Amino acid sequence: METSKVYYTTFRTEVGRSVLDKLKKLVLEAGFDEIDFKNKFTAVKIHFGEPGNLAYLRPNYAKVIADLVKERDGKVFLTDCNTLYVGGRKHALEHLDSAYTNGYNPFTLGCHVLIADGLKGTDEALIPIDGEFVKEAKIGRALADADIIISMNHFKGHESTGMGGALKNIGMGGGSRAGKMEMHNSGKPGVHQELCISCGACRKNCAHGAISFVEKKAQIDREVCVGCGRCIGVCPVDAIHTFWDEANDVLNKKIAEYTAAVLKDKEHFHISFVMDVSPNCDCHSENDMPIVPDVGIFASKDPVALDLCCTEMVNRQKANKDSALGDVLEENHCDGCGCGSCDYIQMLHPTTNWKAAIEQGVKMKIGSDKYELIEIK
Ligand code: SF4
Ligand code: SF4
């Protein structure tokens, strides 16, 4: 596997020069203009921010990228898929409410915001791939229909995947509801019977006749269910749930395989913001204190090398001893000096295996585990 180039810039800047200018310079140096955007639908895959969590990327950064695409006559839009969990982004209406509240709207961005998998997370395209676990990925239709994918992600820790970077943004974030279920478990939901109010909406919307009622409570026949996820989206009381029971290394491998599906036959480009590095996923309605100081903005055409590089750069920072990382340094015999010999991400989430995503990304030929780091001033 070839060595990939990863470009980065720090958040240091002189008086009168915005970090937005540095972002623009960074992506241009990193090969943005090697993509022909003219008349191409360009999806900027981003996380619009869970209500209450303040670690999401400011829309100002996204506007820089949207403007660059528009200046090159591309047809740009910002997008994400609905979530599997109950929060502020479970269907397109509340997802757009969250995006607008957090400043992502056509007036601030100069482009449209689309929810890639539609109103209830079921507008999907089936992408055949030759994965170890996934043979037909279910991804948001708008992502599948796009000609070019640009990923912008906030790099942070994650309680199931260890780190959350480009692969997670594209793979998990690009999955429809059924796709996300396939990554998180065998792909079939269950019913919290105590919450069910017997409204019948799930049975009415199940095209496979998998739902019946026993003592006025819905139940799902897992032999008949095909994991389409429609019932989750229509339940008015969130009684239908997924099982979060996939082994963490398999979860990471499936995410890498889904990333391969989203990027299949498309040009793509990736930007990671290693700032406000919270210990947990951005799906939380809070973000705990950063575990290390802000590192910089990273860009690459290779999402695998980018994730590897960002993780290693986090591990090379001085630990913030007042953060959740500080709580686990002592038991790991680490003084948090940032010499790079300790894996902070693994320490924070010891049951996870972030390297599985890197290894599977290499196997799927979407990137390299070798990189050259180039600083842009
Ligand atoms: S996931 Fe789809 S097939 Fe399974 S019970 Fe729900 S609606 Fe029916
Ligand atoms: S949609 Fe929800 S509340 Fe209605 S019957 Fe199904 S599980 Fe029960």
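Biologist: Which residue of β15 is the bridge partner of Tyr-8?

Modeller: In this structure, which is a predicted model, the bridge partner of Tyr-8 in β15 is Phe-298.

Biologist: What makes β1 and β15 a pair of strands, and in which sense do they pair?

Modeller: Two strands pair if at least two bridges are found between them, and strand β1, residues 4–9, has three bridges with strand β15, residues 296–300, so the two count as paired. The sense of that pairing is antiparallel.

Biologist: Where do β1 and β15 stand in the order of the sheet, and what is the pairing of its strands called?

Modeller: The sheet is an open one of eight strands, in the order β4-β3-β2-β7-β14-β15-β1-β16, and its pairing is mixed. On average, the twist from one strand to the next is 25 degrees.

Biologist: Why are β4 and β16 called edge strands?

Modeller: Strand β4, residues 112–115, and strand β16, residues 371–375, each pair on one side only, and they are the edge strands of the sheet.

Biologist: Which helix packs on this sheet, and which strands does that helix touch?

Modeller: Helix α11, residues 303–315, packs on the sheet and touches β1, β7, β14, β15 and β16, while its direction makes about 10 degrees with that of β14.

Biologist: Why is α6 called oblique to α11?

Modeller: Helix α6, residues 166–174, packs against α11 at an angle of about 130 degrees, with the axes 8 Å apart. Angles of 65 to 115 degrees count as roughly perpendicular and those over 145 as roughly antiparallel, the rest here being oblique, and therefore α6 is oblique to α11.

Biologist: Which residues make the contact of α6 with α11, and how many of them are nonpolar?

Modeller: On α6 the contact is made by Ala-166, Leu-167 and Ile-170, and on α11 by Pro-303, Leu-306 and Asp-307. Since Ala, Leu, Ile and Pro count as nonpolar and Asp as charged, the contact has five nonpolar residues, no polar ones and one charged.

Biologist: At what angle do α7 and α10 pack, and which residues are in contact there?

Modeller: Helix α7, residues 177–184, and helix α10, residues 248–263, pack at about 145 degrees with their axes 8 Å apart. Gly-179, Met-183 and His-184 of α7 meet Leu-251, Lys-254, Ile-255 and Tyr-258 of α10, a set that divides into four nonpolar, two polar and one charged.

Biologist: How is the chain divided into domains, and how many residues are in contact between them?

Modeller: Domain 1 covers 4–185 + 246–375 and domain 2 covers 190–241, with 32 Å between their centres. Nine residues of domain 1 are in contact with eight residues of domain 2, and the domain 1 side divides into three nonpolar, three polar and three charged.

Biologist: Which residues come nearest to ligand 1, and which are closest to ligand 2?

Modeller: Of the 14 residues around ligand 1, Cys-206, Ala-210, Cys-225, Cys-228 and Cys-231 come nearest. Ligand 2 is also surrounded by 14 residues, and Cys-196, Cys-199, Cys-202, Ala-218 and Cys-235 are the closest.

Key: Residues are numbered from 1 along each chain as its sequence is written. Chains are lettered from A and ligands numbered from 1 in the order in which they are written. This is a predicted model: local features need pLDDT of at least 70, side-chain atom pairs count only at pLDDT 80 or more; totals for chains, interfaces and linings use all residues. A residue is near a molecule or strand if its C-beta atom, placed from the backbone, lies within 6 Å of it. Helices (H or I, at least four residues) and strands (E, at least two) are DSSP runs, numbered from the N terminus. Axes are lines fitted to C-alpha atoms, for helices over the stretch in contact, and angles run from 0 to 180 degrees between N-to-C directions. Two residues are in contact if their C-beta atoms, placed from the backbone, lie within 7 Å. Domain bounds come from an automatic or database domain assignment. Angles under 35 degrees count as roughly parallel, over 145 as roughly antiparallel, 65 to 115 as roughly perpendicular and the rest as oblique.
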